[in-house]
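Dear colleague,

I am handing over the structure you will be working with. The sequence and coordinates come next, followed by notes on what was found.

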Amino acid sequence: MDDIEVPQYFLCPISLQIMKDPVTVITGITYDRESIEHWLFTSKKTTCPVSKQALPKGSDLTPNHTLRRLIQAWCTQNASHGIDRIPTPKPPLDKFQVLKLIKQLRQPQFQLKTLRKLELLASENDKNRSHMVEAGVPKAMLLFIATRFKEGQTVGLEEALSVLNSIPIPSAEAKQLLMENDHIIDSLTWVLGCEMENQELTVKSHAMIVLKTITTDPSSRILERLEPEFFNTIARVLKSGITRQGSNAALNVLLAACAWGRNRMMMVEAGTVFELIELELELPEKRTTELILGILFHLCSLPDGRAQFLSHRGSIAVVSNKISRVSPAADDRAVLILSIICKFSGTYMVIQEMLKVGAVSRLCSLLQANCDTYLKGRVREILKSHSDEWKGSPCIGVPQDQYFG
């Protein structure tokens, strides 16, 4: 584009680019629609960027047709200078258009086309997503998935779950829907176990993220009523592989579910301990490690959980290797896991394994680190409880008098 001066009033005050769809807020200032919608709906700002005056929630954005026509005419006149003509914008989506699309979902011949339309609208901008939530799209998508479950059909699941991952699911709406429909959790669990030809990992990850959203709300009681198949399915998904976001969603659900003893027992019976250790061996990111260690701590509070933990040959090594390498939260969980193992399952073989894989050395080193007094106290308890077996061992690469003396 040649060096050409653009009229100042053609530029959006936010993006400083030529406006494609100028709209005016109640303060009289005109912005490009995309920029002001991002300001209001994504950044959650409540003032006019230029005047700093308050903008009431739900303020109208009035299309500035005169300015748009002036900009289009100017672009046409300067086409020889490399200026592209700005196309006439599509009319913005409103709630009533969304309600019409939801109604079309009831007609089988229009379902897939309607779902793809909703998916496209959700991907376009924040204002669309706001209208979709207001019109009840989250509820419509969850009920659609529940219907597919009852029919044993997978057509449309990919699109419906994509929509749910693009828009927020209001917690009050999700809570009410779960109270009214027992099949929502069952249907999402079913999706996780489905075999699909295309996009299986993405679909299952989206389903897992939706499960996390609707089950881990502090006000929800749904985690108290979970069944063994729920945990069996999550264990299988973790074993077969899923995206990073999906894995973290699954781990968040498991950690929240650990608050109930019956859930912890079902997790152990599903083989979750073993799968968590296998997942940690893949050297995941920091947050994933923190979640894994948090769940393992809860499951190792059960005798069967400790037995499953110790049945994995790499369990003690993988936990102790995280000490001082991930985060203070990971240090805390790792030390508590080793403390429980030593206290309740500290056989001769376990104690020697801790020495062999460097767990004792890492615990000793933690005493020299800048960590909480509480955690250092836990470490000293572990070291003192088996000092006779560990003291004097050449496997400990730190001065021993201050730890075992």
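Before the notes, one convention: axes are lines fitted to C-alpha atoms, for helices over the stretch in contact, and angles run from 0 to 180 degrees between N-to-C directions. Please also keep in mind that this is a predicted model.

With that convention, helix α1 (residues 33–42) runs at about 95 degrees to β2, and it lies across β1, β2 and β3. These three strands make an open sheet in the order β2-β1-β3, and their pairing is antiparallel. Strand β1 (residues 22–24) runs antiparallel to β3 and is joined to it by two bridges. Thr-24 has Thr-62 in β3 as its bridge partner.

Now the nonpolar cores. The largest has 105 residues, and the members touching the most others are Met-141, Leu-188 and Met-354. Helix α18 (residues 328–345) supplies the largest share of this core, nine residues. Residues come from both domain 2 (92–270) and domain 3 (299–404), so the core lies between these domains. Another core, of 19 residues, lies apart from it; Ile-36, Leu-61, Leu-67 and Ile-71 are among its members.

What does Met-354 contact, leaving aside its neighbours within four places in sequence? The residues in contact with Met-354 are Ile-316, Leu-338, Cys-342, Ala-359, Val-360, Leu-363, Ile-382 and Trp-390.

Regards

Conventions. Residues are numbered from 1 along each chain as its sequence is written. This is a predicted model: local features need pLDDT of at least 70, side-chain atom pairs count only at pLDDT 80 or more; totals for chains, interfaces and linings use all residues. Side-chain values use heavy atoms; hydrogens and water are left out. A nonpolar core is a set of buried Ala, Val, Leu, Ile, Met, Phe, Trp, Tyr and Cys residues joined through side-chain atoms within 4.5 Å. Buried means under 20% relative accessible area, exposed over 50%, partly exposed in between (1.4 Å probe, protein chains only). Helices (H or I, at least four residues) and strands (E, at least two) are DSSP runs, numbered from the N terminus. Domain bounds come from an automatic or database domain assignment. Contact means heavy atoms within 4.5 Å. Two strands pair if DSSP finds at least two bridges between them.
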